[in-house]
Amino acid sequence: MRIIIFSWEYPPRVVGKLSEYVKALSSQLAANNVEVNVVTYDSTTGSSQESTGVQIVRVSNPVRTHVGVLTWVLTLNPEVERAAANIYYKANKQIDLIDVYDWHFIPAAVTLKNALGIPFVYSVESLEDHRSQAVNTPYNMAIKSIEWLGFYEAEKISVKSEWMRDEVIRIYKVPEEKAVVISPTSSSWIKEILKLYSKVDGGLKDK
Amino acid sequence: MKDDLVVMMLSWEFPPRVIGGISPHVYFLSKNLAKQGVKVYVVTCDFPGAPSHEVIDGVEVYRIDSYKNPAPDFATWVYLMNLNMQKETAALTRKIENKIDVFHAHDWLVANAGIGLKHVFRKPLLVTMHSTEIGRRDGLHTSTERMIHETEAWLNYEAWRVICCSEYMVSHVKWAFGLPNDKLVMVPNGVNTLCYNDIDCDLKDARSKFALPEEKIVLFVGRLVYEKGIHVLVNAAPKILEKVNAKFIIVGSGYMKEQLLNIVRSMRLEHKVLFEGFLDEQTLLKLQKCADVSVCPHFLNRSESSH
């Protein structure tokens with residue numbers, strides 16, 4: 001299996017706990033014979049390869065001046081698309097799926113799905129509704145609408161707790177069978193992730 | 001020309017959505033390419049009453065939902081609209097089995113969509129630069145203006161070729177983004193003279209609606225915005241009137257309208273300078289035909305017959 005993981009943070013860039021999580025996940029996947037490519041943002045560190053064999057592609061934003069996180073994210077996405085397309089063509093168009101962490105790179109995942117038929121998993125760390133509780137400015141609603149697009153277009157949704165699964169279903173009206181709980185503290189963590197991936201792999205080809 | 005050439009055109013405006021000059025430009029370009037045997041797809045923003053898909057003069061027009069996401073400001077709206085435009089264009093391109101030869105983007109308003117599509121499908125990207133932020137604002141003064149300028153620079157960097165509609169715009173774009181000569185192509189806008197052929201029956205009648213028989217008609221057609229230079233013409237009116245008995249007809253609308261009206265009032269020339277707003281096509285053609293002089297004081301693309 002060959003996959004691409006999208007995450008806006010990966011060591012040495014650490015914004016929150018997602019960074020270390022994605023590193024642990026990708027090395028565990030590599031240990032289980034998954035070819036892992038991570039596409040992430042970093043304006044100072046170049047692309048590299050981990051000792052585990054995981055390929056890290058770091059893109060930066062071609063537009064340096066911004067008026068908010070939204071414009072920054074939306075101009076970064078075409079670079080994520082470029083990096084992912086390069087991996088795709090180099091691998092003879094054989095990418096089984098993309099695993100996207102949070103909303104930042106949802107636009108790229110959605111385009112790649114519609115353009116190249118690569119299915120994606122939307123892995124939820126946090127939701128705009130919780131980060132900006134009861135704040136309904138157009139800015140927050142725009143982020144929420146990108147999350148909504150991700151939930152709609154994803155083949156599967158991965159969450160870390162039953163509570164988060166309930167929240168995703170409650171706020172975004174996601175069909176229950178689409179959201180899967182996989183706890184990172186569970187002993188069967190990687191096994192369950194691999195099981196989820198195998199369900200998604202070929203998901204678009206069946207249709 | 002290779003007769004099975006397929007072009008995927010990206011434009012934020014296409015008739016009936018008309019905001020500025022890009023809309024008629026893309027319409028006539030697409031229509032005439034189709035006439036030459038080129039298969040043209042246009043992906044553009046929606047407009048009330050216009051269908052999401054239709055064939056106009058042999059051109060396949062797809063209109064996307066451009067207000068799908070709430071947006072805090074105009075620039076963010078543009079980028080969010082690009083997200084949807086890119087997604088729809090990606091699905092359309094996949095549906096026609098990637099059988100396209102080139103993506104053609106018009107201005108920064110479709111930059112994100114065009115750049116991403118170029119890389120995802122590995123097809124060449126052509127760009128037409130109709131104007132620039134640094135030219136429109138006469139410099140870069142705010143973060144938004146700088147951001148738009150950098151987006152334009154990125155688009156010009158990613159483009160295989162950059163088309164401009166005048167020699168002036170070629171040199172301006174070269175200066176603004178540091179492009180090499182061989183990347184720029186000058187293709188002037190065409191002027192369709194055929195549509196004036198049928199208009200001769202009641203010209204006198206049409207003329208009398210705007211001017212007295214002894215008045216010369218000075219015509220301006222364009223948005224009432226800074227870069228169109230309309231304030232230069234309005235301010236020159238008293239000097240012109242010293243020598244010629246003229247009527248100034250201003251067609252179009254824009255944010256400078258009130259300001260221009262105030263200038264005209266302060267000069268007490270309300271009876272000589274008329275603001276007509278938008279006119280229907282027939283009236284405009286008649287007016288263009290009976291005008292004595294048509295003025296284009298545009299600061300940027302002086303040869304563009306933009307509206």
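In this predicted model, 30 residues of chain A are in contact with 31 residues of chain B, contact being counted when the C-beta atoms of two residues, placed from the backbone, lie within 7 Å. On the side of chain A that touches chain B, the elements giving two or more residues are helix 2 (69-90), helix 3 (106-116) and helix 5 (138-153) of chain A. Helices (H or I, at least four residues) and strands (E, at least two) are DSSP runs, numbered from the N terminus. Helix 2 of chain A gives the most to this side, with 10 residues. By type, the side of chain A that touches chain B divides into 17 nonpolar, 10 polar and three charged residues; here Ala, Val, Leu, Ile, Met, Phe, Trp, Tyr, Cys and Pro count as nonpolar, Asp, Glu, Lys and Arg as charged, and the others, Gly among them, as polar.

As for the numbering, residues count from 1 along each chain as its sequence is written, while chains are lettered from A and ligands numbered from 1 in the order in which they are written. Local features need pLDDT of at least 70 and side-chain atom pairs count only at pLDDT 80 or more, whereas totals for chains, interfaces and linings use all residues.

Chain A holds an open sheet of eight strands in the order 3-4-2-1-5-6-7-8, with mixed pairing; two strands pair if DSSP finds at least two bridges between them. Its edge strands are strand 3 (48-49) and strand 8 (179-181) of chain A, each pairing on one side only. Strand 1 (residues 2-6) of chain A runs parallel to strand 5 (residues 97-101) of chain A, joined by four bridges, and Ile3(A) has Leu97(A) as its bridge partner there. Helix 1 (residues 18-31) of chain A lies across strand 1, strand 2 (35-41) and strand 5 of chain A, at about 160° to strand 2; axes are lines fitted to C-alpha atoms, for helices over the stretch in contact, with angles from 0 to 180 degrees between N-to-C directions. Helix 2 of chain A also packs on the sheet, touching strand 1, strand 2 and strand 4 (55-59) of chain A.

Turning to chain B, an open sheet of eight strands has the order 3-4-2-1-5-6-7-8, again with mixed pairing. Strand 3 (53-56) and strand 8 (184-186) of chain B stand at the edges with a single partner strand each, so one side of each has no neighbour in the sheet. From one strand to the next, the twist averages 25°.

Helix 6 (residues 167-177) of chain B lies across strand 7 (161-164) and strand 8 of chain B. Its buried residues are Met169(B), Val170(B), His172(B), Val173(B) and Phe177(B), where buried requires 20 or more other C-beta atoms within 10 Å of a residue's own, these atoms being placed from the backbone. They pack against helix 4 (133-136), helix 5 (143-158), strand 7 and strand 8 of chain B. Gly178(B), with a positive phi near 60°, follows the helix.

Further along chain B, strand 10 (residues 246-251) has five of its six residues buried. Strand 10 of chain B pairs in the parallel sense with strand 9 (residues 216-221) of chain B over six bridges, and with strand 11 (residues 273-277) of chain B over four bridges. Phe220(B) is the bridge partner of Ile250(B), and Phe248(B) stands opposite Val273(B).

Conventions:
Buried ≥ 20, exposed ≤ 12 C-beta atoms within 10 Å, placed from the backbone.
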